[in-house]
Amino acid sequence: MPDQKQMYDKGKVVAGLVIFVVLITFPFWYNHLKAAPAPQLELTKKAQAAKNCVRSKDYMKAEHMQLLDVWRESVVRNGERVYVNEEGKEFNMSLTNTCLDCHSNKAEFCDRCHNYASVNPYCWDCHIDNPKEKK
Amino acid sequence: MEKSRRRFLKVAGITALGVGAKPTWDVLASDSSHDASQPKVKKGDKALSAEQWAMVIDTRKFTSEEDLHPIIEACHKTHNVPDFLDEEHEDYKPANKRHEIKWIWPEEYKHAFPSLENHHVNDRVKALPFLVMCNHCENPACVKACPTKATFKRDDGIVLMDFHRCIGCRFCMAACPYGSRSFNFRDPRPYIKDRNPEFPTRMKGVVEKCNFCAERLAVGKMPACVEASNGAIAFGDLNDHESEVSKWLSENFTIRRKPGLGTGPALYYIV
């Protein structure tokens with residue numbers, strides 16, 4: 001039984017299919033082509049000298065927002081202001097006075113990564129992000 | 001044939017049970033083991049504590065409003081309180097008065113103590129400026145009014161605000177009988193002259209008030225106003241009979257603001 005299942009308008013159908021597939025996958029390859037490279041984070045001299053963050057780098061990278069949440073809850077609501085990490089090192093739990101003391105280059109550190117990840121913390125409406133500058 | 005299928009199902013069932021139980025087991029196991037190397041939070045070594053912080057203001061040591069200015073300034077500088085009434089500011093308008101933010105301010109006797117007002121107060125008291133601020137009430141109306149628990153009473157008696165939770169509904173302002181709370185109708189930052197980088201500012205849309213210098217008590221310092229008062233203000237634990245406030249209270253006749261309301265202010269005035 002030869003040629004029983006013939007395809008009509010083969011050219012148009014195939015072309016249509018190709019266009020359809022291209023359109024439907026557009027977001028994927030478009031994003032892939034223009035994906036920005038991961039940002040280069042700069043550590044200040046002070047941070048480099050300290051070598052370590054409050055917790056391990058992996059923990060900080062993934063969990064710093066939770067850590068900050070614990071900090072503010074503890075400071076404001078429980079009046080406990082000292083954080084002791086696994087190694088027994090103590091930190092004053094303060095966004096401006098501790099995090100930004102080491103990472104005083106907020107623009108090249110926090111902001112660079114946040115811009116990349118498209119997060120925009122509103123903390124800086126109140127917390128001072130350039131403590132060294134005399135406004 | 002049938003036997004081996006039964007066997008297969010049995011083994012598969014037991015395996016599934018084991019695999020499924022593992023995460024649960026892990027969670028339970030990790031929960032029960034508290035090892036010493038876990039991070040901790042604690043109070044600072046120098047932190048001051050009390051059962052009920054209280055303040056006694058000796059108004060006999062003030063003669064004019066001028067005497068209060070250094071005290072007010074010390075507070076407002078420490079806490080980045082904006083000065084909308086600064087006439088030298090480029091955007092100053094008289095209408096800024098409506099936006100004023102007050103943590104501590106001078107008040108006349110008849111306004112501070114309306115329930116004690118009698119028409120024949122002596123001239124000295126009539127002319128005396130009274131320093132008023134949040135009373136850190138024993139039974140605070142603002143705490144009950146707050147729908148988000150942004151305002152709460154700490155174990156040491158301080159009525160504190162958690163700015164992170166304030167939604168700006170201003171119920172607390174309506175509830176407070178002392179006018180101790182101010183709302184940020186606008187961005188305060190342009191009106192903060194010499195800001196203190198160690199304390200956050202506030203933003204448009206939140207309420208604020210005196211915090212009894214919780215951040216200073218936590219590092220062993222007295223409140224800024226007490227420090228700047230040259231001994232005109234005593235601060236300490238009301239429940240400690242040895243404290244300075246207890247001594248001042250037992251040696252002097254004192255009054256509190258609007259005592260009939262039952263809020264139980266922790267601020268006492270020697271007149």
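Two strands are said to pair if DSSP finds at least two bridges between them. The model described here is a predicted one. In it, strand β1 of chain A, residues 82–84, and β1(B) pair in the antiparallel sense over 3 bridges. Within this pairing, Val82(A) stands opposite Lys42(B) in β1(B). Strands of a sheet pair through backbone hydrogen bonds, either parallel or antiparallel.

**The interface of chains A and B**

The contact between the chains involves 33 residues of chain B and 30 residues of chain A. Together, chain B and chain A bury about 2,700 Å², of which 52% lies on carbon and sulfur atoms. Lys42(B), His164(B) and Arg195(B) supply 25% of the area that chain B buries against chain A, more than any other three residues.

The rule finds 3 salt bridges between chain B and chain A. One of them joins Arg77(A) to Asp162(B), with the closest N and O atoms 3.0 Å apart.

Several elements of chain B each supply at least two residues of the side that touches chain A: β1 (40–42), β6 (159–161) and α7 (214–217). The element that gives the most is β1(B), with 3 residues. The table shows the make-up of this side by class.

| Class, side of chain B that touches chain A | Number |
|---|---|
| Nonpolar | 14 residues |
| Polar | 6 residues |

**A loop residue of chain A**

His103(A) lies in the loop between α4 (95–102) and α5 (110–117) of chain A. Is His103(A) buried or exposed? His103(A) counts as buried because its relative accessible area is 13%, and the cut-off for a buried residue is under 20%. Leaving aside neighbours within four places in sequence, His103(A) is in contact with Leu43(A), Cys53(A) and Phe109(A).

**A sheet in chain B**

Chain B contains an open sheet of 4 strands in the order β9-β2-β11-β10, with mixed pairing. Its edge strands are β9 (233–237) and β10 (254–255), each of which pairs on one side only. Strand β10(B) is joined by 2 bridges to β11 of chain B, residues 267–270, and the two run antiparallel. Here Ile255(B) has Tyr269(B), in β11(B), as its bridge partner.

Definitions and conventions. Residues numbered from 1 in each chain as written. Chains lettered and ligands numbered in written order. Predicted model: local features only at pLDDT ≥ 70, side-chain atom pairs only at ≥ 80, totals over all residues. Heavy atoms only, no water. Contact = heavy atoms within 4.5 Å. Buried area = accessible area lost by both parts, 1.4 Å probe. Salt bridge = Lys/Arg side-chain N within 4 Å of Asp/Glu carboxyl O. Nonpolar A, V, L, I, M, F, W, Y, C, P; charged D, E, K, R; others polar. Buried < 20%, exposed > 50% of the residue type's maximum accessible area, 1.4 Å probe, protein only.
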